[in-house]
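The following report describes a two-chain structure for a reader who wants geometric criteria stated alongside the values. Please read it with the coordinates open.

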Amino acid sequence: MLSEYFSPEIANKLDCFINIQEIRIRLNQNITVLDALGLNELDEKTGKQEILNIFSSLCNFSVYAKQQEIKSGFITLPEGHRVGICGRCVVENGELKNISNITSLNIRIAREFLDCSKKIYNGINENIDHTVIISPPNCGKTTYLRDLTRLLSNSGKNVTVVDERGEIAPFAEENKFDLGKNTDVLQYCPKDKGLMLVLRTMNPEIIVTDEIGTNNDAEAVSEITKSGVTMITSFHGSSIEDFKERFPKWNEFKYAVFLNKQKEVDRIICLR
Amino acid sequence: MLKITGALFIIVATSMWGINVYRDLKLKAEITNGCIKAIFALKENIRFSMENLYQSIALCVKSSGRAKEIFECAIEQTEKGLNPSDALKYALESNKHIGNNTRNIMLYMCSQIGTTDAEGQILMLEKCMHDLENEQTEENEIIKTKGILYQKCGIVSGILIAIILI
């Protein structure tokens, strides 16, 4: 439950909103809430101590236990919601070690929309092949991936999800998403290692993972595609040219699915 | 006969008083020792397992010796909805046997636990362990000097009062 992370006053105000998509908390500013009806501002300014209390609560009162995630700039809640963090970075030997003096938190709410990826499923299922979902941030890539996993899994295929940040398949009982009856999930494993691991051990027909982009990801994707297993993933980008320019192994993919700002499937194109 | 019974009663009462004072001093020192062991377990858990505080406090129960009651009370409070830090504070404040200095050191630990990265936590816990070890040394000194004195005083004063009354 989202309200358990906030003080009773703020929690009561949050209960008035329908289908919250995002909650932004900024130092000495009013809390803003984006819901189905639009952007709203709560009459609750958050001082330094309030932000620390909320952050501590989001970390389950064990900030040290979330250190690895904090180094990536966000933490994932048990319900699958992602919390982006801004503050002062502590860098050591060129590596981000910690974020302290938190000044902003951005809570993005994870939701399940059953059959939202039906259009993608119908487009690729007949000749299923490597697929990448491309869009700018906050267009629903993870939500579409989750639903596509469910549809493919329920069609009889063995699907393995490599969920590096625990967003595609959170296990919290309260908000457990349906990923289909033939799905295996490897959580919180670095993507490149996780992909190789499941390829060797889980005998998948399809591997699903989120947000590829690094060179290590590209190498791992190449290994997967050569092995005969279908790869379905997502990429932060605005266009096909962007994808081709920034991801070296773009030509391994057959289908590219584009999402627009309205979180709808804009088009599905064949790359080869 | 009545005088002798009364005298015996007085001797036993004052002796018990002396023994209880000695036991209290000993218990305080044992609780401090238990807190040191628990903090050590917490520190190692944070260093190697990075489990969240709820799970770490449960581990403390096993390692805490005579301070077990404090951590069991804290777990009870977390089950009622308090966060681990506040639960520990409540448990420390409601325990009647813990020494004041030990309580203050542990309360400081509660205010810091879970709020920083692992390195910060380990440094803070090491400082608390160091302070508790100093406190334990002082408590053991008090047991050696005053503890036995209280025991003997209890018996002797009982005998004296009994003699005067008889």
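A:Phe247 and A:Phe253 are both buried, a class that here means under 20% relative accessible area, with exposed meaning over 50% and partly exposed anything in between (1.4 Å probe, protein chains only). These two residues belong, together with A:Phe235 and A:Phe243, to one aromatic cluster. The model is predicted, so that local features need pLDDT of at least 70 and side-chain atom pairs count only at pLDDT 80 or more, whereas totals for chains, interfaces and linings use all residues. Residues are numbered from 1 along each chain as its sequence is written, chains are lettered from A and ligands numbered from 1 in the order in which they are written, and side-chain values use heavy atoms, with hydrogens and water left out.

Over all chains, the count comes to six aromatic pairs, where rings of Phe, Tyr and Trp (its six-membered ring) pair if their centres lie within 6.5 Å, and where planes under 30 degrees apart count as stacked, over 60 as edge-to-face and the rest as tilted. Two of these pairs are set out in the table, including one from chain B.

| Pair | Centre to centre | Angle between planes | Class |
|---|---|---|---|
| A:Phe247 and A:Phe253 | 6.3 Å | 55 degrees | tilted |
| B:Trp17 and B:Tyr150 | 6.0 Å | 90 degrees | edge-to-face |

Because B:Trp17 lies in helix H1 of chain B and B:Tyr150 in helix H6 of chain B, the pair ties together parts that are 133 residues apart in sequence; helices (H or I, at least four residues) and strands (E, at least two) are DSSP runs numbered from the N terminus. B:Trp17 counts as partly exposed at 46% relative accessibility, and B:Tyr150 is likewise partly exposed, at 31%.

Turning to the interface, 16 residues of chain B are in contact (heavy atoms within 4.5 Å) with 10 residues of chain A. The two chains bury about 1,100 Å² between them, 54% of it on carbon and sulfur atoms, buried area being the accessible area (1.4 Å probe) that two parts lose on being put together, summed over both. Of the area that chain B buries against chain A, 40% is supplied by B:Met50, B:Gly114 and B:Asp117, more than by any other three residues.

B:Met50 is placed in the loop between helix H1 (2–48) and H2 of chain B, and has a positive phi of about 55 degrees although it is not a glycine. At 26% relative accessibility, B:Met50 counts as partly exposed.

The count between chain B and chain A is one salt bridge, defined as a side-chain nitrogen of Lys or Arg within 4 Å of a carboxyl oxygen of Asp or Glu. It is formed by A:Lys97 and B:Glu119, whose closest N and O atoms are 2.8 Å apart. The elements giving two or more residues to the side of chain B that touches chain A are helix H2 (53–63) and helix H6 (118–165) of chain B.

On the chain A side, A:Ser62 is found in the loop between helix H2 (48–58) and helix H3 (67–71) of chain A, and counts as buried at 0% relative accessibility. Neighbours within four places in sequence left aside, A:Ser62 is in contact with A:Ser56, B:Asn52, B:Leu53 and B:Gly114, and its side chain reaches the backbone nitrogen of B:Leu53 at 2.6 Å.

Technical notes:
A polar contact is a pair of N or O atoms within 3.5 Å; within protein, one must be able to donate a hydrogen and the other to accept it, and residues adjacent in sequence count only if both atoms are side-chain atoms.
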